[in-house]
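This report describes the fold of one protein chain and then turns to two of its local features.

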Amino acid sequence: MKPSVTSFFIISLFILLFCNCQKYKQPSSSEIDKSIKYFQEICDSLVYNHNTDSLRIIAKQLEKIAPEEETVLLAKLYYITAFFNAEKYETTIEHIGQLEKKYNLKQYPDKLARTLYLKARCFQSLKQNGKAIQLYKQILNINPVSSQDSSVISKNGKDALLQITNCYLTGNMNSKEGADYFITLQDSLTWLTKPLKRDIIIYAAYLYGCNEDLKHSFKLFDKAFEMPADSSYETRFRDYSYAGTIYIVADSINKAIEHLEKAADAGRKMSYSGLTYTLTILTQLYQSIGEFDKTLELYQELSNTKDITTDDYRLAMTEISFSDFYYDWGMIEEAMRHNQKAREYAMKSKNNFVIQQSLFSKLFLSVQNDNTDSLKFYLNIITPYLNLKKKDDQTLNYLQKVYNLYLGYLYYKTGRTDELKNIQLSLDENDLNPGNNLILAKLQYELGNYNICINRLELIVKDYEKKNKVWALKDMYLLLARSYANIHHASESVSYYEKYHQTERLYTKRILNSEIAKFKVKYETLAKEKENLALKHDLEKNRNHIQISVLTIIILIFLSLFIFYKNQLNITKRKLTESKLTHKEKDIMTFINHIKLLNSQKSELEEKLENVNSRQETNEIPVRLSTTSDEAEFRSIFTLRYPHFFPSLHKYPNITKSEEILCALILLNQGNNDIAAFLGISYESVLKARYRLRKKLNLKKDAVLDHIIKEISEESPKTV
């Protein structure tokens with residue numbers, strides 16, 4: 001049995017035992033509070049996981065057990081949140097409106113904050129950002145009544161600040177207006193915003209940066225970073241990500257990398273989903289400055305993040321990026337290999353867009369690798385995707401144009417220039433990415449359209465120089481040099497030839513560095529694999545120890561439970577036996593007292609009859625226990641309590657049945673007077689009977705008859 005399954009079984013067992021112990025108890029107020037807290041925790045979890053159906057059910061259960069209006073209100077808010085999670089925003093707003101009419105939410109500040117935040121999120125989702133911002137601002141002015149209110153309002157207030165920022169960024173609103181609002185807010189702080197002053201400055205800095213007011217933005221960022229911050233990784237990730245993004249806008253690549261690296265470190269420590277985006281941006285930045293090792297390291301980390309490994313679409317897009325990375329470094333075979341992986345993931349995802357992306361990327365690499373067979377093969381594969389009916393005819397038209405571009409290049413490479421002239425190459429500079437523009441420029445060159453080729457290339461060459469894409473620049477410079485030579489512009493041609501040779505040397509150096517880097521990565525990979533094997537062995541060893549320990553603990557727990565159960569069972573049985581024995585003792589004593597009473601009544605009658613000289617009638621008065629039925633009744637009741645007593649007396653063959661009854665009475669601690677009253681005989685007769693019994697039992701003078709009889713009763717097993 002696996003440890004996790006065993007743990008689940010033990011927990012379930014304890015819950016079952018606890019429930020069985022508690023099910024007959026009336027719930028106290030503390031138990032109701034615990035139930036409410038338990039339901040609340042479940043609801044919070046369901047809200048976080050967007051489990052709408054279960055959230056509605058649990059919220060209704062919470063409403064049923066709610067002892068007061070405040071808890072009922074909370075339950076209704078959970079119920080309404082389920083509609084928001086189901087993206088039924090208008091229905092959510094309608095329910096909130098009914099709630100606001102029925103309850104005075106101002107009495108419950110934390111519930112008011114929840115309601116305003118939920119309503120604002122609905123308006124934000126409906127693209128009514130102005131209304132959303134007004135509601136978020138209301139949250140910032142709420143004052144708490146209790147400590148519980150404080151925590152809820154603080155959370156909603158902090159989230160409100162973030163959402164206000166998002167509204168200004170994504171809602172086609174003036175980001176400067178948002179930044180100015182935050183600046184005003186920091187000068188008139190409320191109870192809620194006072195501890196969030198640093199956050200407010202960060203948001204203002206970010207919005208100013210997005211509005212390209214970079215000087216003001218960086219000044220605020222510096223001010224915020226000098227202030228103390230909470231130690232949460234989430235806050236650090238947000239702050240450094242915002243700053244890094246604005247440094248990218250400012251084209252300060254090194255500063256951007258510095259801040260995004262800090263953001264990535266914070267994201268790794270809290271396993272934050274936003275880490276994927278940050279790593280993607282970092283890889284692009286390192287690639288732009290020619291850092292092969294770091295770019296490769298980040299791409300490998302990116303491809304192993306949870307967000308990507310669990311999503312075929314993202315895996316395909318990541319492999320396409322990997323392919324582009326290797327292409328930029330002139331490593332075409334590696335680029336082709338990753339493009340093949342991209343296509344495999346794309347087919348699994350069944351997403352037409354990513355399938356097209358991978359195929360067109362494959363076409364581009366086939367051109368760069370000068371592989372006409374591969375180009376022809378993938379042109380045939382991509383054809384069905386061009387015939388798909390799409391709502392966006394413009395997208396389909398674009399794909400057809402790109403397809404024509406690669407088909408034309410295939411005609412050019414296979415010498416079919418007549419067919420090339422019939423291909424519609426109606427793409428302008430805005431229709432193609434730089435890579436495809438390069439291919440189109442090559443075609444125009446082969447068709448003798450040198451001026452068009454030059455215009456195409458000079459549109460994109462600056463962008464490639466900025467991004468330091470040496471592999472593509474080498475081809476561009478050579479093509480430009482030849483084009484200028486064909487139109488007799490010698491100076492420009494010479495200039496581009498010089499650039500070509502410089503780039504060729506740089507490319508050769510880069511290829512050498514990349515090969516060294518590959519060997520370095522391979523060596524480090526082998527070293528890590530060796531280290532991982534050792535760690536795996538240690539982990540396996542530790543896992544075995546843990547499994548043995550867990551199994552031992554489980555056995556001890558079950559053994560303890562079994563012993564506890566047996567003890568409880570024995571205690572219950574013992575109590576039941578004692579109860580039965582007590583009951584039997586009472587039955588015997590009741591019977592004895594009844595006989596004594598009857599014999600006492602007989603004695604009184606005898607005395608009266610003697611006074612009237614009626615001895616003859618006296619003999620007709622029955623003496624108790626003188627009849628067989630009375631004796632049998634006594635024996636029956638007595639045997640229920642002491643089933644082995646009479647059989648134990650049989651080892652003394654001379655004892656009569658009357659003496660057996662005498663022994664039974666002695667065992668029952670009846671005194672001589674009680675025995676006389678019970679048997680209806682005189683005190684002296686009891687003494688004589690005891691004397692005869694001692695002789696038959698062969699007792700010594702110092703032996704106590706009562707003790708001997710008790711020992712006889714203990715010779716056989718006790719009744720159960």
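**Overall architecture**

The chain holds 33 helices and 0 strands, where helices (H or I, at least four residues) and strands (E, at least two) are DSSP runs numbered from the N terminus. This is a predicted model, in which local features need pLDDT of at least 70 and side-chain atom pairs count only at pLDDT 80 or more, while totals for chains, interfaces and linings use all residues. Residues are numbered from 1 along each chain as its sequence is written, and side-chain values use heavy atoms, with hydrogens and water left out.

Of the 720 residues, 41% count as buried, a term that means under 20% relative accessible area (1.4 Å probe, protein chains only). Among contacts (heavy atoms within 4.5 Å) between residues at least 6 apart in sequence, 61% join residues at least 24 apart. The chain exposes about 41500 Å², of which carbon and sulfur atoms supply 52%, as computed by the Shrake-Rupley method with a 1.4 Å probe.

**Helix α13 and its cover**

Helix α13 comprises 18 residues (253-270), and at 1.5 Å a residue it should span 26 Å, which agrees with the 26 Å between its end C-alpha atoms; the expected span is 1.5 Å times one less than the number of residues.

The buried residues of α13 include Ala256, Ile257, His259, Leu260 and Glu261, and the cover over its buried residues includes α11 (214-226), α12 (233-249), α14 (275-288) and α15 (292-303). Just after α13, serine 271 takes a positive phi of about 50°.

**Glutamine 444**

Glutamine 444 lies in helix α23 (residues 434-446) and is buried, with a relative accessible area of 8%. Leaving aside residues up to four places away in sequence, glutamine 444 touches Asn449, Tyr450, Ile452 and Cys453.

Key:
Buried means under 20% relative accessible area, exposed over 50%, partly exposed in between (1.4 Å probe, protein chains only).
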